[in-house]
Amino acid sequence: MKLRGFNPATWVSLVPNGLGHVKPNHYGEIVRTIWENRDNLGAAWRILRDGVCDGCALGTTGLRDFTMDGIHLCTVRLNLLRLNTMPPLDIRRLDDVAGLRALNGRQLRALGRLPFPMIRRRGDAGFRRITWDQALDLIADRIRATDPQRVAFYLTSRGLTNETYYVAQKAARFLGTNNVDNAARLCHAPSTTAMKQTLGVAASTCSYRDWIGADALVFIGSDTPNNQPVTTKYLYYAKQQGTRIVVVNPYREPGLERYWVPSVFESALFGTRLADRFFQIHTGGDIAFLNGTLRHLIENDWIDHAFVAAHTSGFAQVKAHLETQSWDLLERASGASREDMRAFAAILAQAKSAVFVWSMGVTQHEYGVENVKAILNLALARGFIGREFCGVMPIRGHSGVQGGGEMGCTATTFPGGRPVNEEQAHWLSAQWGFDVPAWKGLTCGDMLDAAHAGEIDVFYAAGGNFLDTLPDPEYIRAALARPSLRVHQDIILTSQMLVDPADTVILLPAATRYEQRDGGTETSTEREIIFSPSIVPPPAEARSEWEIFMQLAERVAPERAHLIHFESGQRIRDEIARIVPEYDGIQHLRRAGDHVQWGGRILCRDGAFATPDGRAVMTPLTPPDASLPEGAFLLRTRRGKQFNSLIHGERDPLNGARRDDVLINPDDAAALGVREGDLVVIRSETGAMQARVKYAPMKPRNVQVHWPEGNVLIAPNRRDAGSGVPAYKAIVTVQRWDCEEK
């Protein structure tokens, strides 16, 4: 790759390393990480050197990746490192949970790793230690005693491997239930659904390499400098190659405006201006904005007619439907002007190649599937799928989540994305040697609803913390309190473990991916399946997670144990390669850094789509109702200095916001009679929270608060009908905090 020299036009400031600016202190984070892991530096170094990152899904292996040369290390990975090096907790702290309830998530994590199986029965003050045999026998007895439809399994994306996902879903089906789901249900399930229906594939159609050299790189509802910091290095080199970076979002994310990339001398010294153009739209205004853009493409004859004619269906219907939508409607629903939509269309028209990247700002709506289809319509209209430097990428925030769905760890699909139906259940039954249920299982949200209604007897959660990740924590607390047996398989204590049991709660200590026997694999956003070796021994009695699921299933049905037994991780990978053809090659991954990219660099190459007729499907879409009561705001939750629900700091280093801040346009604040720093109360139909005003370059009548703090404002039953993802937004009022209410 030939790079130009220094480019002062992209510099943020002449002040070295951005001193005085609100920005991450990358070098300080490195020092802090060394200090935090000072009692186990050898293990920490081996994990960084040899392991596949357990943070986001960029797929960094060791200190490098597959996109470019050089060291790749980010603050997310550094912040997670201590989870893998800290000692076991003192189990005497679990004798009485009352004191633990006063601790926040960071304080609970700091107590140390879960070392032994523990049990708490109804009426007990806390947990006591039991053996693995006692724990597994008790869980097995309860599963045998109930209907499989009253048993539910949930797996987080917390560094879980493909091997764990595969064995977990196979064990669930071995036990007669399809009630098994994973964390993708809370983030990119709409992407999976929309892409499968539109393109026939449910993964990124391009690779990270295609960012560097694309004419345009478009981010919609995605803040990669916060959630995938390593991408900023890609963005720097993309700028060097002349790529235009365009952002569509209600908030001008500071990390996308400018960033100091610590591993690039020029950027570390002077910073880099990243986004060339921001288009600010209303929360939920994506369909209207993208429809308006597509209408401009059509009216100005900026469509790739040859690609559309040869490789798509539905274009005529889309065109006719767009003609029924007035510009007034599109402007009102999007929050953008007709001229803005034309400017965005012109950027796409001038580009010979483009990559579209999106995340939860697009998916976490009641119409998340339709939002994604609007992006796909635009990409197809310009022929930006199926060739190098082009593609659509639902960028993943967690290293395990891409593989979770592909391993079949979902309530609605079997391994390889096969739909749950009689035909596929029959095929899997023949492969596995036992009857596989053909009924569609409960998705994550449905599981909690069923638990709340008293319809779940055994609730088994591998990782996660529903109190922090799902809307309306009090509703979730009530749901967790009702199953007679709740099992939490995890590496650390979380607040959901402390919810009083209806009868019994069991804690099972899990090994991390770096402790997994025989190593394991993850699948990155760009479909790289990467091997991560076993690096350090697990603490105390913690076990590899796939072994726990397997051993439990064997105890439930010992007469059929041979049908679920795996001698090693290698045997699991052998079976995955047989059951999921796209994963052929995983069986050959044995050493640190071994990898294979399923589908190659580009999917749907040359317009060959994996749909029944080989054509991509363009979809007519109607913008959702954009009416907003007088004086109300559209609220959206956001991430700060955190990884998923793991909060690492009280202040966001990218914008300076504290955890209790509400980001609001200064003009909106003035209209409310409040100033920066003032206390306000935010109310929705579900709840209320106190917040502090923080001025931000936000689209008027839109506000943002941190997640999970803002989940008290989110309704638990508002979900996307096509995928089950919760809608993490609400219509709210904002008022000055009245001291008399304190």
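**View 1. Lining of the largest cavity.** The largest cavity has 24 lining residues, with Gly221, Met360, Gly361, Arg636 and Thr637 nearest its centre. The model is predicted: local features need pLDDT of at least 70, side-chain atom pairs count only at pLDDT 80 or more, and totals for chains, interfaces and linings use all residues. Residues are numbered from 1 along each chain as its sequence is written, and side-chain values use heavy atoms, without hydrogens and water. A cavity is a set of points, on a 1 Å grid over the protein atoms alone, where a 1.4 Å probe fits but cannot get out; lining residues have an atom within 4 Å of a point.

**View 2. Volume and elements of the largest cavity.** Its volume is about 370 Å³, the space filled by probe spheres set on grid points joined across faces, edges and corners. Helix 10 (224-227), helix 19 (360-363) and strand 20 (633-638) each supply at least two lining residues. Strand 20 gives the most, with three. Helices (H or I, at least four residues) and strands (E, at least two) are DSSP runs, numbered from the N terminus.

**View 3. The second largest cavity.** This cavity holds about 290 Å³ of space. Its lining has 27 residues; Cys187, Met360, His398, Arg639 and Asn644 lie nearest its centre. Helix 10 and strand 21 (642-643) are the elements giving two or more residues to this lining.

**View 4. Cavities in the whole structure.** A search of the whole structure finds six cavities of 30 Å³ or more.

Methods. On a 1 Å grid over the protein atoms alone, a cavity is a set of points where a 1.4 Å probe fits but cannot get out, and a pocket is an open set with protein on both sides within 12 Å along at least five of seven lines; lining residues have an atom within 4 Å of a point.
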